[in-house]
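Here are a few notes to read with the model open beside you.

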Amino acid sequence: RIPVLKCVTKQLIKNWTKTEHDNIWQARPDCRQTKLVLQSTDHNWSRYILRRDKDDIRLLTQLVTGHANLKYHRFLMGLEDNPDCEHCSERQTAIHIGTYRMPRARRE
């Protein structure tokens, strides 16, 4: 037998757990919106979000999961007739809102 330090064993188990968790996350067919924001499980999302107050946590979670009160989500629930943004005619999702830039007004 070769003695193995306890810290080495713990680190190996930790690495294996992270890899398995990431593999399971990548293999999931659902969570499309969340995967666009959090592409892997190797992030500090929980540290970031838990420093916020309850209202911020609620809003951030809605935006990341795609369950915010936006036209596309409301369309999927049958509450809107059209899922498109009124400014540019693309689907109004959290990703769209986060990346959309209003057109500048023309100078006359």
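1. A word on terms to begin: helices (H or I, at least four residues) and strands (E, at least two) are DSSP runs, numbered from the N terminus. Val4 sits in the segment before helix H1 (6-27). This is a predicted model, in which local features need pLDDT of at least 70 and side-chain atom pairs count only at pLDDT 80 or more, while totals for chains, interfaces and linings use all residues. Residues are numbered from 1 along each chain as its sequence is written, and side-chain values use heavy atoms, with hydrogens and water left out.

2. Val4 is exposed, at 56% relative accessible area (buried means under 20%, exposed over 50%, partly exposed in between, with a 1.4 Å probe and protein chains only). Together with Leu5, Val8 and Leu12, Val4 forms a nonpolar surface patch of about 390 Å² accessible area. Patch members have over 30% relative accessible area and no salt bridge; like charges are joined within 9 Å, and nonpolar side chains (Val, Leu, Ile, Met, Phe, Trp, Tyr) within 5 Å. A salt bridge here is a side-chain nitrogen of Lys or Arg within 4 Å of a carboxyl oxygen of Asp or Glu. The areas come from the Shrake-Rupley method with a 1.4 Å probe, and for residues only the protein chains shown count as cover.

3. Do look at Thr93, in the loop between helix H5 (71-76) and helix H6 (94-99). Thr93 is buried, with 14% relative accessibility. Beyond its neighbours within four places in sequence, Thr93 is in contact (heavy atoms within 4.5 Å) with Gln33, Leu70 and Tyr72.

4. Which residues does His96 touch, leaving aside its neighbours within four places in sequence? They are Cys85, Cys88, Glu90 and Arg91. His96 lies in helix H6 and is buried, at 8% relative accessibility.

5. Two backbone angles deserve a glance. Most residues other than glycine have a negative phi. Cys31, however, has a positive phi near 65°; Cys31 is in the loop between H1 and helix H2 (32-37) and is partly exposed, at 26% relative accessible area. Ser89 has a positive phi too, of about 70°. Ser89 lies in the loop between H5 and H6 and is exposed, with 56% relative accessibility.
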